[in-house]
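Trainee: Please walk me through this structure, feature by feature. Give me the general idea, then the case at hand.

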Amino acid sequence: MTRYLLKRLAGAALVLLVLSALVYGLFYLLPGDPARLACGERCNPRQIAQVREQLGLNDGVFTQYLHFLQGLVTGRDYSTGTGVTHCDAPCLGLSYQNDQQVTRLLLERLPATASLALGAMVIWLVIGVGTGLLSALRRGGLTERTLTVLTLAGTGTPVFILGLLMLMVVCAYLQWLPFPSYVPLGEDPEQWAWNMLLPWLTLGFFESAKYARMTRSSTLETLAEDHIRTFRAYGVGERAVVTRHALRGAVPPVIALSALDLGTMFGGAVLTESLFGIPGLGKTLIDSVRHIDLPVVVGVVLLMGAAVVVANVVADLLYALADRRVALT
């Protein structure tokens, strides 16, 4: 297992290095003026020249990238025109639109995205795994057909349509809940939970469809194996067969996919955050693109990619723990 872990960490480090090169090249080395984009539309030529000097864009391409990596690993000093400010590692640059460090800005927005992702994960696991297991155990009956229709509906409905329906039905028509308005967890935990309920249900129901299909297929495949038939032939109860043996075959892929989806959600559930006004990473990305805040766009994209890479490593490790044969390959 240790060897497998080291191999996956080394692969992740290499992928992160390549990712940083691609992100830097995509935003800073392609045709265009990164200084103008970073400074904003209202900057005059003197301010643009100052930003170009601060970002080190007058240096060679390789030197620029080394400074970018240095900021990620050890931090970096930036000239502000009247002095020098230090950006602690991992330094993702300075936002000239918000007049603050990008890393600090993203850390302020990260709790909102984290609360959305973790709450939605609980819902999609409960609904998805429960629906898939029930569908597999009631194969061929009305229950399976009903759940299959609901699963297909969840798969085919875009998340923003589902969110709008939730708002119209729950908030406007039934008036069970007020329209969501994000409240930080530290200010009022009860209001935070009530205002996050609809976003959790929207994202959780949308993601639960694929978990239902995966759980159903994995459970049916496990129930058809020879050792399951042997247990039944020896008189082992159906509940014990399902809970002790059949679920073991369904759990590993669900665990791996959950870790990967959680990493993707940490990267930013753009549509859900924009729809419900949650000030997370996804909404930050949309706002930064709208205001042409290049350093923040680069920081969010790099953070999203890093979250997916880390999630892949976690998913592989969880899968290996659930099925030790994976670590031996």
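Predicted model: local features only at pLDDT ≥ 70, side-chain atom pairs only at ≥ 80, totals over all residues.

Trainee: What volume does the largest pocket have?

Mentor: On a 1 Å grid over the protein atoms alone, a pocket is an open set of points with protein on both sides within 12 Å along at least five of seven lines. A cavity is a set of points where a 1.4 Å probe fits but cannot get out. Lining residues have an atom within 4 Å of a point. Points are joined across faces, edges and corners, and a volume is the space filled by probe spheres set on them. Here the largest pocket has about 430 Å³. It is lined by 20 residues, with P90, L92, L302, L303 and A306 the closest to its centre.

Trainee: Which elements each supply at least two residues of that lining, and how does the lining divide by class?

Mentor: The elements are α1, α4, α5 and α13 (294-322). Such helices (H or I, at least four residues) and strands (E, at least two) are DSSP runs, numbered from the N terminus. The lining has 17 nonpolar, three polar and no charged residues. Ala, Val, Leu, Ile, Met, Phe, Trp, Tyr, Cys and Pro count as nonpolar, Asp, Glu, Lys and Arg as charged, and the others, Gly among them, as polar.

Trainee: How many cavities of 30 Å³ or more does a search of the whole structure find?

Mentor: One. About 140 Å³ of space lies in the largest cavity. Of its 15 lining residues, Y28, L55, F68, R76 and Y78 are the closest to the centre. Two or more residues come from each of α1 (2-29), α4 (61-73) and β1 (76-79). The largest share, four residues, is from α4. By class, the lining has ten nonpolar, four polar and one charged.

Trainee: At what angle do the axes of α5 and α12 cross?

Mentor: Axes are lines fitted to C-alpha atoms, for helices over the stretch in contact, and angles run from 0 to 180 degrees between N-to-C directions. Helix α5 (residues 102-137) and helix α12 (residues 281-290) have axes that come within 8 Å and cross at roughly 130°. The two helices are therefore oblique: under 35 degrees is roughly parallel, over 145 roughly antiparallel, 65 to 115 roughly perpendicular and the rest oblique. The contact (heavy atoms within 4.5 Å) involves L106, R109, L110 and T113 of α5 and L281, G282 and T284 of α12.

Trainee: Which peptide bond is cis?

Mentor: Most residues other than glycine have a negative phi, and most peptide bonds are trans. The bond from A89 to P90 is cis, with omega near -5°. P90 sits in the loop between β2 (84-87) and β3 (94-95). Q175, not a glycine, has a positive phi near 55°.

Trainee: Is Q175 buried or exposed?

Mentor: Buried means under 20% relative accessible area, exposed over 50%, partly exposed in between (1.4 Å probe, protein chains only). Q175 counts as exposed because its relative accessibility is 60%. In contrast, T272 of helix α11 (residues 270-276) is buried, at 4%. T272 touches L116, V159, P199 and L203, not counting residues up to four places away in sequence.

Notes
Residues numbered from 1 in each chain as written. Heavy atoms only, no water.
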